[in-house]
Amino acid sequence: MQVQKQFEQVLQLVGFSVGGEKFAVDISDIHEINRYEHINRMPELPGNVLGVIDLRGVVIPVIDLGSKLGIPGGEITRDTRIIIVGFNEDKIGILVDAVSEVLRVPDDSLENPPSITKSISSEYIRGIIRNNGYITVVLDLARLFIDYSNDSFISDTVQKTIEDNCDNNLQDNSYNNIDEIVDAARAMSQGDFKHEIKEELYGQLGDIARYINATIKKMQSVEPNIAHASDKIPQASVQLSEISKATEEATHNVMTQVEKVLDNHDLIIHHTESAERGNDLPNSLSEVRNVVSENKEILLDIITGLSFQDLTGQKIKMIVGLIEDVEKRLLQLIVTFGLKSKDTNEDDNSLKEFSDNPTLKQDVVDNILKEFGFD
Amino acid sequence: MLDFKIKVLVVDDFSTMRRILKNILKQIGYSDIEEAEDGNSALVRLRQGGYGLVVSDWNMPNMTGLDLLKAIRADNALNNMPVLMVTAEAKKENVMDAIKAGVNNYVVKPFTADVLKEKIEKIFDSR
């Protein structure tokens with residue numbers, strides 16, 4: 001039994017449906033699951049390729065899994081999903097009617113498909129799983145994918161779309177503009193700030209400015225001004241860890257008090273219930289009164305305890321001052337490099353993007369969970 | 001209905017967050033709650049047995065919550081353990097990684113007692 005258990009592997013699958021049939025694929029092949037969005041049709045695509053979508057700047061072909069497998073898929077509904085799968089760098093989207101759940105099943109519950117299914121598309125089937133009378137067909141995406149990644153026709157078509165997009169939109173066309181950027185940068189470095197710069201070059205100049213900015217940070221050790229400012233950084237880190245300790249202590253103090261208030265609330269409930277039953281009414285009431293006045297004292301203690309914010313706030317202000325100092329000196333260096341106004345705007349934008357982007361709120365996380373059938 | 005008799009393990013490197021979680025879990029109805037300060041010590045405790053739910057932070061020294069989750073799923077004695085991730089890591093790839101590693105649900109910090117309760121209920125509803 002022990003030995004048998006050791007060899008037991010768990011398969012993690014994402015279940016979905018196409019044309020009323022249940023399918024599943026290995027979760028590790030899935031990059032993400034997206035709601036249906038407009039698919040850009042293109043001429044001369046192979047039969048099962050519906051078109052392409054733009055996934056954060058990357059053009060990805062979307063295939064109609066239903067027609068690929070010989071099962072007509074349903075209509076586009078609110079549940080329609082595009083599952084993004086991929087191996088290495090290549091990705092494709094797969095259109096499915098709905099994503100249902102994440103399945104965790106023992107490896108050995110995967111059965112060979114019955115031989116009758118070998119007639120259609122069976123080369124894509126990894127096996128079947130039986131669950132409460134339903135049969136889920138587990139697809140082998142690697143084999144399905146090879147069809148498309150080996151199809152040079154489709155990559156050519158996709159490549160052409162990218163090029164067309166670039167021609168329509170000069171800002172995306174980085175390569176052709178490099179000579180012009182170099183000219184502009186050369187003129188600027190010679191002090192000619194009025195050198196004519198096309199509007200569309202600003203985006204690329206912003207990139208260069210960011211690159212220079214990053215390089216300058218690396219140069220801190222050789223640039224004396226910056227080195228002077230960064231001398232203060234160890235000091236800041238000592239201050240910061242003190243703040244961290246102080247806030248931890250203060251939070252524990254506040255929590256001790258709050259826990260007492262919570263316990264007292266239970267006491268109040270207990271005494272009130274006994275008063276309701278009419279047991280020794282005067283005594284119950286005076287108990288409640290005592291507890292309530294004790295709570296009031298504790299609550300005032302909590303308010304006083306919160307004054308730690310004043311002390312930590314002052315220390316944080318000091319550290320902010322240090323950082324601003326470093327920032328100012330860095331900015332001066334950027335100005336010396338001859339990149340001004342528009343570039344600093346670009347920098348601000350990138351910072352804003354950075355602070356806006358990284359974390360999603362609970363509801364966005366819930367949406368991702370929902371796509372995987374957590375509900 | 002939640003079974004409040006189970007033993008819950010709260011894993012977070014911040015003592016304050018462990019205490020906050022403990023208090024909220026108590027208000028929800030749990031009374032048997034233990035703490036661990038990183039994935040390593042959590043795993044040692046879990047292997048001693050008797051736990052029915054893990055509530056874990058992601059970003060911790062020594063062993064992260066994600067690695068703890070993977071270790072739990074790779075351990076034959078523990079691989080069915082419900083794991084709720086409570087974390088400030090909320091980028092799409094984080095959530096995807098956690099789902100792929102077999103997380104049972106995911107709460108983003110800062111959170112409310114209601115959200116925590118709702119997610120725990122969902123974990124046990126779907127079992």
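Two strands are said to pair if DSSP finds at least two bridges between them. Helices (H or I, at least four residues) and strands (E, at least two) are DSSP runs, numbered from the N terminus. By these criteria, strand β4 (residues 83-87) of chain B pairs with β5(B) in the parallel sense, over four bridges. Within this region, L84(B) stands opposite N105(B), a residue of β5(B).

The model is predicted; local features need pLDDT of at least 70, side-chain atom pairs count only at pLDDT 80 or more, and totals for chains, interfaces and linings use all residues. Residues are numbered from 1 along each chain as its sequence is written, while chains are lettered from A and ligands numbered from 1 in the order in which they are written.

Chain B holds five helices and five strands. From the N terminus on, its elements run β-α-β-α-β-α-β-α-β-α. The five strands form an open sheet, in the order β2-β1-β3-β4-β5, with parallel pairing. β2 (33-36) and β5 of chain B stand at the edges; each has a single partner strand, so one side of each is left without a neighbour in the sheet. The twist from one strand to the next averages 20° (axes are lines fitted to C-alpha atoms, for helices over the stretch in contact, and angles run from 0 to 180 degrees between N-to-C directions).

Chain B has 127 residues, and 39% of them are buried. A residue is buried if 20 or more other C-beta atoms lie within 10 Å of its own, exposed if 12 or fewer, and partly exposed in between, with C-beta atoms placed from the backbone. Two residues are in contact if their C-beta atoms, likewise placed from the backbone, lie within 7 Å. Of the contacts in chain B with a separation of 6 or more, 61% join residues 24 or more positions apart.

Chain B also touches chain A: 20 residues of chain B are in contact with 25 residues of chain A. On the chain B side, α1 (15-28), α4 (92-100) and β5 (105-108) each supply at least two residues. The largest share, five residues, comes from α4(B). By class, this side has nine nonpolar, seven polar and four charged residues (Ala, Val, Leu, Ile, Met, Phe, Trp, Tyr, Cys and Pro count as nonpolar, Asp, Glu, Lys and Arg as charged, and the others, Gly among them, as polar).

In chain A, I60(A) lies in strand β5 (residues 58-64). I60(A) counts as partly exposed because it has 19 C-beta neighbours inside 10 Å. Its contacts include V52(A), I84(A) and I92(A). The C-alpha atoms of I60(A) and I92(A) are separated by 5.5 Å, although the two are 32 residues apart along the chain.

Key: Lists of a residue's contacts leave out its neighbours within four places in sequence.
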